[in-house]
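Take a look at the sequence and the 3D view first, then read on.

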Amino acid sequence: MRLKRENDTLVFTLSLPERRILAHVLRELIAKYQLKPHELDARTAAAWYSRRGCDTAGMSAEETKEWLEHLHAFKKGTCLLRLEEWKAQLDSGSVNGNDNSTILCPIPLTDPHSLRIPTDHATVFVTAINDYRLAAAARHDIGQVEMDAHSPWQLARLPPLRQQAVLEIHFLAWIIEESLRVTEK
Amino acid sequence: MNIETLPELDEKTGEKVKEAFEKNWNVIVLNDPINLMSYVIFVFMRVLAFNKEKATKHMLEVHQQGKSLVATETRERAELYHQQIQAHGLSVTIEQSS
């Protein structure tokens, strides 16, 4: 992935595997942001809609429910439209509108693909992909030990799905850090 | 000349008004293994309007001590910070300061 800023636009240049991962991330976020807190799987709900603060604030069950609904409405209202725009950009580079090629295909079907995001929307972008990281970590029990596993040997000791989660989390971390660095300039 | 005065508040109402304006609610951000340091700094700058130095100081407190008291406010404002910080994915609680 390469990231540069062109005036008020972040331009991500993604390889095919990177584009597929990001498209998958955006698809998952679009699906999950539409679900209310109680409709999500328990681990994603705990990651995004933790009740801990409501408990320490002494909120009643009704107040907590309302508070979480506001939080959900905020996430959905702020992010959904943008996520769909960005997913459409990623899909538009595919040969037939959706990319069914294998990640390990040695001959890329498309040229490196650009994702263009206005700097005004960068906050929404990084917050959303961070949400995916949090949900992936919660669903696959990724904690400090797994996050500190950087060598291939350490990673290989994890089951495949947890390895995939760790790799996705780190790839998205890279995107977040680069985005923050470039927008700060 | 007849000067109208506001009726005096009864004690209970007065207590409630005082409570609403009292800055005695702590906003505490907790550590977690997933959020990036740079992202935490970004959230502090964006939500709490910290400058970079202050945001970094509080981020390091979260990272090294497990938590940081980032604001002490009225209940209403503390709840707003709570929602905004949690909307950005950070682990946060609010509690009445002792």
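What follows is a short tour of strands, helices and a couple of residues in chains A and B.

Keep in mind that this is a predicted model. Let's start with the strands of chain A, then move over to chain B.

**Strands in chain A**
- Strand β1 (residues 2-6) of chain A pairs with β2(A) in the antiparallel sense, over five bridges.
- In that pairing, A:L3 sits opposite A:F12 of β2(A).
- β1(A) and β2(A) make a hairpin with two residues between them, and A:N7 in the turn has a positive phi of about 55 degrees.
- β2(A) also pairs with strand β3 (residues 113-118) of chain A, again in the antiparallel sense, over six bridges; here A:V11 stands opposite A:R116.
- Why is strand β2 (residues 9-14) of chain A largely enclosed by the rest of the structure? It's because five of its six residues are buried.

**A helix with a bend in chain A**
- Helix α4 (residues 61-92) of chain A has 32 residues and spans 45 Å from its first C-alpha to its last, close to the 46 Å expected at 1.5 Å a residue.
- There's a bend of about 40 degrees in α4(A), at A:C79.

**The sheet in chain B**
- Three strands of chain B make an open sheet, in the order β2-β1-β3, with antiparallel pairing.
- β2 and β3 (91-96) of chain B stand at the edges with a single partner strand each, so one side of each has no neighbour in the sheet.
- Neighbouring strands of this sheet are turned by 25 degrees against each other on average, direction ignored.
- Strand β1 (residues 25-30) of chain B is joined to β3(B) by six bridges, and B:L30 has B:S91 as its bridge partner in β3(B).
- Helix α3 (residues 52-65) of chain B packs on the sheet and touches β1 and β2 of chain B; the direction of α3(B) makes about 135 degrees with that of β2(B).

- B:T74 is in the loop between β2 (67-73) and α4 (75-87) of chain B.
- Is B:T74 buried or exposed? B:T74 is buried, because its relative accessible area is 15%, under the 20% cut-off.
- Leaving out residues up to four places away in sequence, B:T74 touches B:A20, B:F21, B:E22, B:K23 and B:W25.
- B:R46 lies in helix α2 (residues 37-47) of chain B.
- Beyond its neighbours within four places in sequence, B:R46 is in contact with A:T123 and B:H88; its side chain makes a polar contact with the side chain of B:H88 (3.5 Å).

Definitions and conventions:
Residues numbered from 1 in each chain as written. Chains lettered and ligands numbered in written order. Predicted model: local features only at pLDDT ≥ 70, side-chain atom pairs only at ≥ 80, totals over all residues. Heavy atoms only, no water. Helix = DSSP H or I, 4+ residues; strand = E, 2+ residues; numbered from the N terminus. Contact = heavy atoms within 4.5 Å. Polar contact = N/O pair within 3.5 Å; in protein donor to acceptor, adjacent residues only side chain to side chain. Buried < 20%, exposed > 50% of the residue type's maximum accessible area, 1.4 Å probe, protein only. Pairing = 2+ DSSP bridges. Axes fitted to C-alpha atoms, helices over the stretch in contact; angles between N-to-C directions. Expected span 1.5 Å × (residues − 1). Bend = angle between axes of the 7 residues up to and from the residue.
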